[in-house]
Amino acid sequence: MMKVNKGRHHHYWSKKLGLTVVLLFCFFSFLLGLIVSAFINQDISNIRPRPRLLKSIEEGREREREHNPLPHGNTGEPSMSLIPFQVLSWKPRALYFPSFATSEQCESIINMAKVQLKPSTLALRKGETVESTQGVRTSSGMFISASEDKTGVLDLIEQKIAKVTMIPSSHGEAFNVLRYEIGQRYQSHYDAFHPAEYGPQKSQRVASFLLYLSDVEEGGETMFPFENGVYMDSSYDFKKCIGLKVKPRKGDGLLFYSVFPNGTIDELSLHGSCPVIKGEKWVATKWIRDREDED
Ligand SMILES: O=C(O)CCC(=O)C(=O)O
């Protein structure tokens, strides 16, 4: 009897254990199934390294380098500079610098200039007169050098321009601060002086830096009508506002080169100011020469 009872007991327990094992197996298989299907259904883009992630890793590395400046020479600087820019064109070489100056710096320059404005003038070519060139440049303006500005703002701007051009500030002319009212413009022209048209030059303007001191509601763009050789034919009307146009934005800078590294004038550097249609345009121009300015 006892033997029979024991056997039944054993049978009962092993049946129960078997059932539990089967149930546990089913449960874990179900769970595994769930995990695998969730993984498979995942968006592939979540698994692959995303371009944005790669970009931030690169930026991180850049930042690391930024924070580890190299030993510098006597005339160098102890820290890195972050001055964002965009290449607007290679033909002519034109760079755009967003937020090159602060709003306060721009206002301070306008305040110094506005009490001394006079009608803008032109460097005349052989055979030209003030009368024959009327309407070419209709803005008002004044000249001011960094040393005349007791606030120090122009000196800061000048140093920054020297840094981005790597041309010492001693090569720069005084700032020409300009105001364009509605309808006022500067027809397309070259900043460099061609000796055949202007006679022999002691030095040449190689680059121009424009600091926009105000936004303009409409019009007033700086234009490069020959950009990439487009519109470059003898029929171009110098009054026409076409080609690459740069919209003035307060504090932004525009740098372009009028002369190639070999010293010849870049014909594509022809540029001008479109007429202001709405609002007012303020800009400070710095012409940079190939030799120190002796004036
Ligand atoms: O006002 C502008 O946008 C252009 C000025 C300019 O061409 C110049 O000052 O030479």
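Modeller: A nonpolar core is a set of buried Ala, Val, Leu, Ile, Met, Phe, Trp, Tyr and Cys residues joined through C-beta atoms within 7 Å. The model here is predicted.

Colleague: How many residues does the largest nonpolar core have, and which have the most contacts inside it?

Modeller: The largest nonpolar core has 41 residues. Ile109, Ala207, Phe209, Leu211, Leu213, Val283 and Ala284 have the most contacts inside it. Strand S7 supplies the largest share of this core, six residues.

Colleague: What is Ala207 in contact with, leaving aside its neighbours within four places in sequence?

Modeller: Ala207 is then in contact with Thr165 and Ile167, with Leu255, Phe256, Tyr257 and Ser258, and with Ile288.

Colleague: Ile109 is in that core too. Which residues of helix H4 are buried?

Modeller: Helix H4 runs over residues 103-113, and its buried residues are Cys106, Ile109 and Ala113. Viewed down the axis of H4, they fall within an arc of 65 degrees, so they line one face of the helix. On the other side of H4, Ser103, Glu104 and Asn111 are exposed.

Colleague: What covers the buried residues of H4?

Modeller: The cover includes strand S4 (140-144), helix H5 (153-165), strand S5 (175-180) and strand S14.

Colleague: Where does Val115 lie, and is Val115 buried or exposed?

Modeller: Val115 lies in the loop between H4 and strand S3 (118-119). Val115 counts as exposed because it has 7 C-beta neighbours inside 10 Å. Val115 and Met142 are 27 residues apart in sequence, and their C-alpha atoms are 9.3 Å apart in space.

Colleague: Now the ligand. Which residues surround the ligand?

Modeller: The shell consists of Leu178, Tyr186, Asp191, Ser208, Leu210, Thr222, His271, Gly272, Ser273, Val283 and Thr285. By type, four of the shell residues are nonpolar, six are polar and one is charged.

Colleague: Which strands each supply at least two residues of the shell, and which gives the most?

Modeller: Strands S7 (205-212), S12 (271-273) and S14 (281-289) each supply at least two. S12 gives the most, with three residues. Val283 belongs to the shell and is also listed among the core residues with the most contacts.

Colleague: What pLDDT does the chain average?

Modeller: The average pLDDT of the chain is 87, and 82% of the residues score at least 70. Over residues 1-8 the pLDDT is below 50, and this stretch has zero contacts in the model beyond near neighbours in sequence. Residues 39-47 also have a pLDDT below 50, with two contacts beyond near neighbours in sequence.

Definitions and conventions:
Residues are numbered from 1 along each chain as its sequence is written. This is a predicted model: local features need pLDDT of at least 70, side-chain atom pairs count only at pLDDT 80 or more; totals for chains, interfaces and linings use all residues. A residue is near a molecule or strand if its C-beta atom, placed from the backbone, lies within 6 Å of it. Helices (H or I, at least four residues) and strands (E, at least two) are DSSP runs, numbered from the N terminus. Ala, Val, Leu, Ile, Met, Phe, Trp, Tyr, Cys and Pro count as nonpolar, Asp, Glu, Lys and Arg as charged, and the others, Gly among them, as polar. A residue is buried if 20 or more other C-beta atoms lie within 10 Å of its own, exposed if 12 or fewer, and partly exposed in between; C-beta atoms are placed from the backbone. The arc is that of the directions from the helix axis to the C-beta atoms. Two residues are in contact if their C-beta atoms, placed from the backbone, lie within 7 Å. pLDDT is the predictor's confidence in each residue, from 0 to 100.
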